[in-house]
Amino acid sequence: MQLMLKDGAFADYQVKTEKNSKLYEVYSGESLIASFEDDNQGSFALSDNPGNIDEDLQSRIIEQLKGFSA
């Protein structure tokens, strides 16, 4: 997925998940930056944050992930 960052630049991320899984892993290149869990109510919660992403990036990723779980 491609996101517009708060500075207006674009960044590419890969999303990996298993079939019927609630966990979505987000990668920048080969590095896992965060994992999010689908709450089955249209939102996601940060599960793991090894990339130490900030709240702005978290919310931008969550908005995009909503399209993956639909």
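Some ground rules before you start. This is a predicted model, in which local features need pLDDT of at least 70, side-chain atom pairs count only at pLDDT 80 or more, and totals for chains, interfaces and linings use all residues. Residues are numbered from 1 along each chain as its sequence is written, and side-chain values use heavy atoms, with hydrogens and water left out.

**Exercise 1. Work out the strand order of the open sheet and find its edges.**

Step 1: Pick out the strands, labelled E; like the helices (H or I, at least four residues), strands (at least two residues) are DSSP runs numbered from the N terminus.

Step 2: Look for pairs, remembering that two strands pair if DSSP finds at least two bridges between them. E3 and E4 are joined antiparallel by 3 bridges, E4 and E5 by 6 bridges, also antiparallel, and E5 and E6 by 4 bridges, antiparallel again.

Step 3: Chain the pairs together, and you get an open sheet of 4 strands in the order E3-E4-E5-E6. E3 (14-16) and E6 (44-48) sit at the edges with a single partner strand each, so one side of each has no neighbour in the sheet.

Step 4: Check the twist, which averages 30° from one strand to the next. For angles like this, axes are lines fitted to C-alpha atoms (for helices, over the stretch in contact), and angles run from 0 to 180 degrees between N-to-C directions.

**Exercise 2. Which residues stand opposite Lys 16, Val 26 and Ser 35? Then look at the hairpins.**

Step 1: Lys 16 faces Glu 25 in E4.

Step 2: Val 26 is across from Ala 34 in E5, and Ser 35 is across from Asp 48 in E6.

Step 3: Now the turns. The E3 and E4 hairpin has 6 residues between its strands, and Asn 20 there takes a positive phi near 65°.

**Exercise 3. Find the largest nonpolar core and say which elements supply it.**

Step 1: Know what you're after: a set of buried Ala, Val, Leu, Ile, Met, Phe, Trp, Tyr and Cys residues joined through side-chain atoms within 4.5 Å. Buried means under 20% relative accessible area, exposed means over 50%, and partly exposed lies in between (1.4 Å probe, protein chains only).

Step 2: The largest such core has 16 residues, and Tyr 13, Val 26, Phe 36 and Ile 61 have the most contacts inside it.

Step 3: Strand E4 (23-28), strand E5 (31-38) and helix H1 (55-69) each supply at least two core residues. H1 gives the most, with 4.

**Exercise 4. Are Gln 58 and Asn 49 buried or partly exposed? Trace their neighbours too.**

Step 1: Gln 58 is in helix H1 and is buried, at 17% relative accessibility.

Step 2: Asn 49 is in the loop between E6 and H1 and is partly exposed, at 26%.

Step 3: For contacts (heavy atoms within 4.5 Å), skip residues up to four places away in sequence. Gln 58 then touches Phe 36, Leu 46, Asn 49 and Ile 53, while Asn 49 touches Ile 33, Ala 34 and Gln 58.

Step 4: Compare sequence with space: Asn 49 and Ala 34 are 15 residues apart along the chain, yet 4.5 Å apart from C-alpha to C-alpha.
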